[in-house]
Each structure stands twice: as C-alpha cells, then as structure tokens.
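Me: I have a model open and want to go through it with you. Can we start with the terms and then look at the details?

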Amino acid sequence: MAFKLPDLPYAFDALEPYIDAKTMEIHHDKHHAGYTNNLNAAIEGTDLENKSIIEILGNISNESVAVRNNGGGYYNHDLFWKVMAPNAGGAPGGSLGAAITSAFGSFDAFKSEFSKAAATRFGSGWAWLVKNDSGLVVCSTANQDNPLMDIADVKGTPILALDVWEHAYYLHYQNRRPDYISNFWEVVNWAEVAARFDAA
Ligand code: MN
C-alpha cells in the first residue's frame, strides 16, 4: 500500500506574486514527488507498508535515514500545501486567535517569533507552530524532521509549517530568505490552521 503524491490543492500560479508558479511546479512535481517515491522505495517489503505516516514518524528513531528524510518530506510538504491558499493571509480569529494571543502576547509577537525561527534555521529545514501539552509553541527543525518525530526536541502536532529549504524560494528570492518569510504571511490559510488547531 504505497503512499501517493497528494495533488496541489490549487494551481501552480495561485500563490503569485508571493510564491511563483515555476517554484511551485518544481517543488510539488519534482521535490515532493521525489520524497514520496523514495519513501515508498524505502518501506517496500517492510511492515511499514501497513502503517500510517503518523505512526511511522512517531517511531522514527527505529527507522532508517531514508525513511526519516523521505517520510518527513512526504508529510511536511502535504501539510505545507494545505496551510497556504490564494486570497488568504490576515489573522486568525476564534479559538486559534485567542490561543495565539494567550501564548505569545499578540498576533504580531507570534509572527515575529515564527519569522525569527524560520530566518535563523541554519541551512535546510522548517519552521513550525505546534500544539502540545504546553499549548502553542514555535520551533524549527533541520532537514525534513518534524515535531511528530520521537526524536524531535519539541514534540506535538504541527498546525502551521514553513519550508525554508532554498528550493522553496531561491528561483524568485535568491538569497533573500527574509523577504520570502515576510511574504508567506500573505498566503497563510488560517481556516485550515484553525481546523487543525481545533482537531489536535
Ligand atoms: Mn521543500
């Protein structure tokens, strides 16, 4: 039972001008497809074929580097596509908005902390907003690791993700990662993030 590359939930150019169409096409059709194919190759013939990606990531300390990197890549990009949308951005209300204010002091303070986590992650990795027993926490991970992994420093349910690998922005932004991060806020799909917050 192989994992399947999820469709992008909008057109390649839907997030223009903040994320360009060519970047989205290569990112989904080449990078995400690659993680998916390599994950399937890594689990073929093993008992992982019958497990969910959540189960696999939660026990990743017992798995190979190939499963860790490609399982993370498979999951992380699926979440990333879904927490972005055209005509999005703004700020969340409801229970998520209240929880962000409670945890960080204000929405702007949260944005600042998340942006800093994304900007200061050295090399390739991800920034996260995580719901766990402590409430809401911002963190970052290297490579394709994520907070669902049992090896993560900060564990919990990721509800917002930002890919800061150079392949996520270099065609359009070159070395200007901070510009990519500030424009990310224009495409955050807060309805999706709020649904994940309420479900976690
Ligand atoms: Mn990526």
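Reply: First, a nonpolar core is a set of buried Ala, Val, Leu, Ile, Met, Phe, Trp, Tyr and Cys residues joined through side-chain atoms within 4.5 Å. Buried means under 20% relative accessible area, exposed over 50%, and partly exposed in between, using a 1.4 Å probe and protein chains only. The model is predicted: local features need pLDDT of at least 70, side-chain atom pairs count only at pLDDT 80 or more, and totals for chains, interfaces and linings use all residues. Residues are numbered from 1 along each chain as its sequence is written, and side-chain values use heavy atoms, with hydrogens and water left out.

Me: OK. How many residues are in the largest nonpolar core, and which have the most contacts inside it?

Reply: It has 58 residues, and Phe 110 and Leu 160 have the most contacts inside it. Helix H3 (residues 65-82) gives the largest share, six residues. Helices (H or I, at least four residues) and strands (E, at least two) are DSSP runs, numbered from the N terminus.

Me: What is Phe 110 in contact with, leaving aside neighbours within four places in sequence?

Reply: Ile 100, Phe 104, Leu 129, Val 138, Leu 160, Trp 185 and Trp 190. Contact means heavy atoms within 4.5 Å.

Me: Which residues of H5 are buried?

Reply: Phe 107, Phe 110, Phe 114, Ser 115, Ala 117 and Ala 118. Seen down the axis of H5, they fall within an arc of 155°, so they line one face of the helix. The arc is that of the directions from the helix axis to the C-beta atoms. On the other side of H5, Asp 108, Lys 116 and Thr 120 are exposed.

Me: And what do the buried residues of H5 pack against?

Reply: Helix H4 (94-104), strands E1 (125-132), E2 (135-142) and E3 (157-163), and helices H7 (177-184) and H8 (190-199).

Me: Does the length of H5 work out, or what span should it have?

Reply: H5 covers residues 107-120, and its 14 residues should span 20 Å at 1.5 Å a residue; the end C-alpha atoms are 20 Å apart, which agrees. The expected span is 1.5 Å times one less than the number of residues.

Me: Switching to the metal. What coordinates the manganese ion?

Reply: His 27 (NE2), His 77 (NE2), Asp 163 (OD) and His 167 (NE2), at 2.0 to 2.1 Å. Along the chain the donors follow the spacing H-x49-H-x85-D-x3-H. His 27 in helix H1 (residues 21-43) and Asp 163 in strand E3 are 136 residues apart, so this pair links distant parts of the chain. Donors are N, O and S atoms within 2.8 Å of the metal (3.2 Å for Na, K and Ca); water is not among the atoms, so sites may look incomplete.

Me: Are those two buried or exposed?

Reply: His 27 counts as buried at 1% relative accessibility, and Asp 163 counts as buried at 0%.
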